[in-house]
There are 2 protein chains.
Amino acid sequence: MRQLYVDAQYASPYAMSVFVALHEKGLPFEMHTVDLGADAHKAATLAGTLLTQRVPTLIEDDGFNLAESSAITEFLEDTAAGPALYPTSPRQRAHARQVQAWLRSDLMPIRVERPTEVIFFAQRRAPLSVEAEAAAQKLFSVADTLLHGHSDDLFGEWCLADLDLALMLNRLVMHGDPVPAHLAAYATRQWQRRSVREWLALPRPGLSLS
Amino acid sequence: MRQLYVDAQYASPYAMSVFVALHEKGLPFEMHTVDLGADAHKAATLAGTLLTQRVPTLIEDDGFNLAESSAITEFLEDTAAGPALYPTSPRQRAHARQVQAWLRSDLMPIRVERPTEVIFFAQRRAPLSVEAEAAAQKLFSVADTLLHGHSDDLFGEWCLADLDLALMLNRLVMHGDPVPAHLAAYATRQWQRRSVREWLALPRPGLSLS
Ligand SMILES: [Ca+2]
Ligand SMILES: [Ca+2]
Ligand SMILES: [Ca+2]
Ligand SMILES: [Ca+2]
């Protein structure tokens, strides 16, 4: 059986992306949690399991070992049948990859001030800083341009970039921060998707505040 | 003519990745620099050129606009003939993507204490902190595992992940920090590649210290 290593709190958007991809493809897997805070990932590395000490990591039946969420989901798309995770048009696929890479490397003030605990544990934080407000305006502007003409999905049909964009928006929507109505509606609809709800329904332990 | 927007100092490893990819593919392009420090990218955004205010951005003849280095190089691989930028085997390709994504999101202390100005402008910095030393040890350990059995290239034939890995190693090698000899030799050989030397040969202005 295919093995997926994820974070112990089920709070990593990158673990979520791979989990959703496996569900969309209908691929069976066993899931293991790694408590990054307890340095279990470093111990596991010593055992040769996690080369770069990162989750998510996917391990195939024969031991093939792969980390980094975007590398894993591209691999699933390349090798597994089932519904598409990315657009088939090269240009739309390129824009989906752009969205994924951008949301993994920009908008840091939002990611710091609205961590995913806001989404998955209903945590509440202080009002957004000036820097986070500026990042939010950039997010809204780009999302508005990207969604032009597609109210349900970025590229007319769902793809993994929709999950990433909805997650970034939901850091604000679910915290109660102001979000343009059509973008909030998009993010809320995306959260209804079956594969997303499977992730949301995972039994989360209470957050340790150590 | 295809247009490539890069940083004004020619110091971005992500701009370099796209530049090298275009050279490897033998694709003609015009290059434009954007002075991120002077906020010219924000002005350009207003003109609709840089959606996410990021370089590198590639613009095709008909206006198709694409940012994020990995999205651009995957797009070039998907759509352009010429030498391969990624391994053709799905598993090796997955590992190449893993290396690229990992080096873009981990090892932050190395990236902060050994910025690419160390490579492209021969700058010298203070000795590595304890955190950067630990990141360097992780880099060496992973590089050693990845290069097992391949002294020239990660996957037997050159790919873009070799550029990324060599660049990360060269932050240390070219600064004079201790690096295991076989890894230093790998990084130094990678720096001899024609497409890499084209980037190194770009006429760099003196660094403004404003
Ligand atoms: Ca990841
Ligand atoms: Ca649709
Ligand atoms: Ca980039
Ligand atoms: Ca070779």
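**Briefing: chains A and B and their interface**

Chain A has a mean pLDDT of 93, and 93% of its residues reach 70 or more; pLDDT is the predictor's confidence in each residue, from 0 to 100. This is a predicted model, in which local features need pLDDT of at least 70, side-chain atom pairs count only at pLDDT 80 or more, and totals for chains, interfaces and linings use all residues. Residues are numbered from 1 along each chain as its sequence is written, chains are lettered from A in the order in which they are written, and side-chain values use heavy atoms, without hydrogens and water. For the complex, the predictor gives an ipTM of 0.93 and a pTM of 0.94.

**Extent of the interface**

- In contact are 32 residues of chain A and 32 residues of chain B (contact means heavy atoms within 4.5 Å).
- Between them the chains bury about 2,800 Å², 59% of it on carbon and sulfur atoms (buried area is the accessible area, with a 1.4 Å probe, that two parts lose on being put together, summed over both).
- In chain A, the most area is lost to chain B by A:L51, A:R91 and A:Q98, together 22% of what that side buries.

- Six salt bridges cross the interface of chain A and chain B (a side-chain nitrogen of Lys or Arg within 4 Å of a carboxyl oxygen of Asp or Glu).
- A:R91 forms a salt bridge with B:D62, with the closest N and O atoms 2.9 Å apart.
- Over all chains, the whole structure holds 26 salt bridges.
- Within chain A, A:E68 forms a salt bridge with A:R54, and their closest N and O atoms are 2.9 Å apart.
- This pair links distant parts of the chain, 14 residues apart: A:E68 lies in the loop between β4 and α3, and A:R54 in the loop between α2 (40-46) and β3 (57-59) (helices are DSSP runs of H or I, at least four residues, and strands are runs of E, at least two, numbered from the N terminus).
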